[in-house]
Protein chains: 2
Amino acid sequence: MIITDKLAGETARDYALRILTDNIRSLGLEPGTAISENELAMELGLSRTPVREAIIELSKIQIIETYPQRGNFVALIDPDLVEETRFLRRILDIAVIEEACDLADEEDLAEMSENIELQEFYLGKQMADKIYPLDNAFHKLIYRAAAKELIFNMRSTVMLHFDRVRTLSVEAVKDMKIVKDHREMYEAIRNKDKEWGAELVVKHMNRYNVDQQLIRDQYPQYFK
Amino acid sequence: MIITDKLAGETARDYALRILTDNIRSLGLEPGTAISENELAMELGLSRTPVREAIIELSKIQIIETYPQRGNFVALIDPDLVEETRFLRRILDIAVIEEACDLADEEDLAEMSENIELQEFYLGKQMADKIYPLDNAFHKLIYRAAAKELIFNMRSTVMLHFDRVRTLSVEAVKDMKIVKDHREMYEAIRNKDKEWGAELVVKHMNRYNVDQQLIRDQYPQYFK
DNA sequence: ATATAAATACTTGTATACAAGTAGACGAGT
DNA sequence: ACTCGTCTACTTGTATACAAGTATTTATAT
């Protein structure tokens with residue numbers, strides 16, 4: 001479990017939520033782990049209240065399971081839920097990139113372009129850890145161009161189920177190809193080419209089509 | 001604001017969430033209304049804690065706006081958010097009904113059939129108020145048949161933005177046509193006819209294509 | 001040794017207390 | 001009349017206290 005400092009202006013609740021989310025995604029909190037509200041509050045230097053509020057939010061997406069009077073537990077990886085979130089992302093990303101083809105203005109395109117140049121810059125520098133936040137920001141830019149930010153927020157929270165499987169197979173995905181996908185998505189939006197955009201989303205998703213059975217054999221204790 | 005009794009087995013938090021959700025949907029809590037955590041807790045016979053937890057959840061979908069040290073307010077109707085949720089529902093319902101065509105088994109179909117017969121029964125009895133819960137349950141059955149229940153939960157919460165506009169124009173929608181749509185959706189799923197299913201979803205949604213400008217002129221104080 | 005029961009140490013759910021900040025009322029001073 | 005400042009009554013954010021239930025441990029009795 002990695003605990004970083006509270007950011008300036010961040011409320012206690014947001015802080016607890018960020019730490020929990022990051023650690024669940026990175027598997028610093030392993031599936032099955034008990035999360036005591038009191039204990040976590042101590043570790044974060046907070047009271048139970050904001051910690052509890054954060055846990056409740058994560059319970060809503062079933063990434064944390066709460067058993068009254070027994071405890072909170074990081075949910076085991078449920079392949080059905082992973083498949084469900086993968087489905088959701090594919091459906092949404094396709095619909096939204098098509099919408100972005102219609103709606104993106106020059107400012108949207110400029111921000112995407114800048115983001116991609118940064119991705120390519122860090123790719124050249126072999127600084128892969130810098131790419132994930134940019135990756136996320138790039139997809140957010142597409143949603144924003146399509147005026148679908150509320151949907152992006154939903155997508156982000158629920159995508160934790162997917163992200164955590166991706167963490168287990170991180171080496172299978174080549175950053176170079178991902179960055180290239182992003183550049184092509186940008187080109188598709190700039191050219192208002194919906195069909196190409198949709199194709200790219202599918203291709204992009206397929207890069208994460210890791211062999212789940214392989215991961216499951218390697219980490220059986222993580223799975224439901 | 002209509003307050004019904006707490007259901008058996010319902011936690012205080014779920015109770016507060018249900019009362020808030022129902023009243024926001026029905027406009028018993030008008031857009032712009034202040035919601036004091038203390039006051040609502042008193043009215044529900046609870047403490048602030050569970051009430052606050054419910055409010056936080058609704059803040060996540062921006063149907064309640066929280067201003068620290070100032071108050072919580074039922075958000076004004078934001079046409080952009082309404083459009084966004086309408087978009088989301090169309091996209092999801094199409095993808096999910098197509099999936100249901102592949103996956104629905106005999107039990108799923110039997111439950112849908114029974115639900116529709118009830119809808120038709122109450123339609124004949126002119127008991128329109130009985131139809132809304134059945135309507136919701138029917139769509140849930142489709143999502144369940146497609147193994148997309150987590151997505152359905154997300155859809156439900158976010159759909160509040162859409163529901164509240166529908167409340168303002170409830171007379172524009174004819175129950176008879178809606179029930180007929182549902183029967184046809186069932187037939188489409190039973191016949192594994194994806195194309196027809198998708199068509200029906202679009203047609204179904206279009207029935208709620210009320211003239212938003214008309215509503216806006218009638219209730220300007222409700223809009224952003 | 002084993003079974004049973006009481007004690008204990010946890011857990012979350014809910015209630016209450018305190019901290020910090022906002023906004024409006026009200027009055028004093030100009 | 002008006003501006004400014006103070007006071008008051010609120011608000012949410014956070015911390016703590018208490019209630020109720022679970023599960024394990026420990027001790028006791030057979």
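## Polar links across the interface

A polar contact here is a pair of N or O atoms within 3.5 Å; within protein, one must be able to donate a hydrogen and the other to accept it, and residues adjacent in sequence count only if both atoms are side-chain atoms. By that rule, 10 residue pairs, both at pLDDT 80 or more, are in polar contact across the interface of chain B and chain A. This is a predicted model, where local features need pLDDT of at least 70, side-chain atom pairs count only at pLDDT 80 or more, and totals for chains, interfaces and linings use all residues. Residues are numbered from 1 along each chain as its sequence is written, chains are lettered from A and ligands numbered from 1 in the order in which they are written, and side-chain values use heavy atoms, with hydrogens and water left out.

Four salt bridges (a side-chain nitrogen of Lys or Arg within 4 Å of a carboxyl oxygen of Asp or Glu) also turn up across the interface. One of them joins Lys60(A) to Glu57(B), with the closest N and O atoms 2.9 Å apart.

## What chain B brings

Four elements of chain B each give two or more residues to the side that touches chain A: helices H1 (12-26), H3 (48-60), H4 (79-103) and H7 (149-158). Helices are DSSP runs of H or I with at least four residues, strands are E runs of at least two, and both are numbered from the N terminus. H4(B) gives the largest share, 10 residues.

Taking contact as heavy atoms within 4.5 Å, 28 residues of chain B meet 28 residues of chain A. The two chains bury about 2,400 Å² between them, 68% of it on carbon and sulfur atoms; that area is the accessible area (1.4 Å probe) lost on being put together, summed over both. Glu84(B), Phe87(B) and Leu150(B) supply 28% of what chain B buries against chain A, more than any other three residues.

## Chain A on its own

Chain A has 11 helices and three strands. Its C-alpha trace spans about 55 × 45 × 35 Å along the principal axes. Of its 224 residues, 50% count as buried, meaning under 20% relative accessible area, with exposed over 50% and partly exposed in between (1.4 Å probe, protein chains only).

## Two positive phi angles

Most residues other than glycine have a negative phi. Gln69(A) has a positive one of about 65°; it lies in the loop between strands S2 (64-67) and S3 (71-74) of chain A and is exposed at 81% relative accessibility.

Leu27(B) also has a positive phi of about 65°, in the loop between H1 and strand S1 (34-35) of chain B. At 10% relative accessibility, Leu27(B) is buried.
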